[in-house]
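Morning, everyone. Let me put today's structure on the screen, and then we'll walk through it.

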Amino acid sequence: MAFVYTYNILQIPNVAWSSFLQIGLDFKPWALGIMSTAGAIMTLLGIMAFKRFFFHTSWRYIYISSTCLSAAFSLLQLVLIFHLNRAWGLSDYFFALGDDVMAAYINGIQFLPVCIMYMSLCPGGSEGATYAMLTTLGNIASCVAFTFGSLLSHVWDVSNEAIQGEDVGGLWRLSLLTSCLGVAPLALIWLLPHGREEQRALQKSREKTMIGGVIFLAVLGASLSWTSSHAILTVLGEG
């Protein structure tokens with residue numbers, strides 16, 4: 001769980017990217033809708049690909065390879081920012097669409113190992129409550145990552161005005177930073193079991209610690225407090 005939480009919290013989004021697509025590249029709402037739909041379809045295909053081809057593959061290998069590929073596709077944002085794709089004869093939209101759907105496909109492959117891990121941790125008789133708590137921790141980590149992305153957007157000027165004025169100095173730096181941060185959790189890959197067999201062996205060892213449980217609840221509470229306070233301050237600031 002420590003790895004999953006750390007991994008999710010460092011998948012920090014580039015919160016200015018959507019604005020760049022709409023303002024900098026003049027993508028229409030319907031075009032963004034097609035990208036979202038295509039991404040959802042590719043996520044489903046990624047889940048199916050894991051079940052068909054990678055079900056018995058080491059979880060560590062899946063995370064290492066998928067994270068590196070995700071970082072590579074994330075770095076391709078720089079190609080769009082500097083319009084290098086136009087020199088290659090590729091339109092902005094189809095390049096962005098290809099980048100987005102491939103990233104969604106990789107995320108789909110990553111999705112099932114976490115679900116299997118969560119289900120294996122659920123004790124008999126309280127499967128629903130335990131699974132909900134575990135998924136909540138992962139989802140909260142993603143929310144915290146989004147708040148970090150919002151804070152990082154203030155480091156450089158990535159405002160709508162800057163994008164409209166074709167000042168992309170802050171945008172490319174933010175894209176580079178978020179792409180590099182996404183790879184950082186691999187330093188803790190040793191915390192992730194290789195697969196179901198290793199996880200079962202860890203569970204059968206019956207090595208339990210109250211400190212681990214306290215840390216789990218403390219992190220969950222701190223994450224909830226952080227995201228809630230950030231949301232409230234954002235609303236008050238806009239008001």
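Is Cys180 buried, partly exposed or exposed? Cys180 is partly exposed, because its relative accessible area is 45%. For the terms: buried means under 20% relative accessible area, exposed means over 50%, and partly exposed is in between, with a 1.4 Å probe and protein chains only.

Some ground rules. This is a predicted model, where local features need pLDDT of at least 70 and side-chain atom pairs count only at pLDDT 80 or more, while totals for chains, interfaces and linings use all residues. Residues are numbered from 1 along each chain as its sequence is written, and side-chain values use heavy atoms, leaving out hydrogens and water.

Next, helix α10. Helices are DSSP runs of H or I with at least four residues, strands are runs of E with at least two, and both are numbered from the N terminus. α10 covers residues 169-181, which is 13 residues. The expected span is 1.5 Å times one less than the number of residues. Buried residues in α10 are Gly169, Gly170, Leu171, Leu174, Ser175, Thr178 and Ser179.

What does Asn14 touch? Asn14 sits in the loop between α1 (2-9) and α2 (17-24). Asn14 is buried, at 10% relative accessibility. Leaving aside residues up to four places away in sequence, Asn14 touches Gln77, Leu171, Leu174, Ser175 and Thr178. Contact means heavy atoms within 4.5 Å. The side chains of Asn14 and Ser175 also make a polar contact, at 2.7 Å. That term means a pair of N or O atoms within 3.5 Å; within protein, one must be able to donate a hydrogen and the other to accept it, and residues adjacent in sequence count only if both atoms are side-chain atoms.

Now the core. A nonpolar core is a set of buried Ala, Val, Leu, Ile, Met, Phe, Trp, Tyr and Cys residues joined through side-chain atoms within 4.5 Å. The largest one has 28 residues. Those with the most contacts inside it include Phe20, Leu21, Phe27 and Leu171. Two or more residues come from each of α2, α3 (29-54), α5 (77-81), α7, α8 (127-152) and α10. α7 gives the most, with six residues. Apart from this core lies another, of 26 residues, among them Leu112, Val114, Tyr118 and Phe216.

Last, the rings. There are nine aromatic pairs. Rings of Phe, Tyr and Trp (its six-membered ring) pair if their centres lie within 6.5 Å; planes under 30 degrees apart are stacked, over 60 edge-to-face, and the rest tilted. Tyr7 and Tyr63 are edge-to-face, 5.0 Å centre to centre with 90° between the planes. Tyr7 is in α1 and Tyr63 in α4 (residues 59-75), so this pair ties together parts 56 residues apart in sequence. Tyr7 is buried at 4%, and Tyr63 is buried at 4%. Phe82 and Trp172 have ring centres 6.3 Å apart and planes at 50°, so that pair is tilted. Finally, ring pairs link Phe3, Tyr7 and Tyr63 into a cluster.
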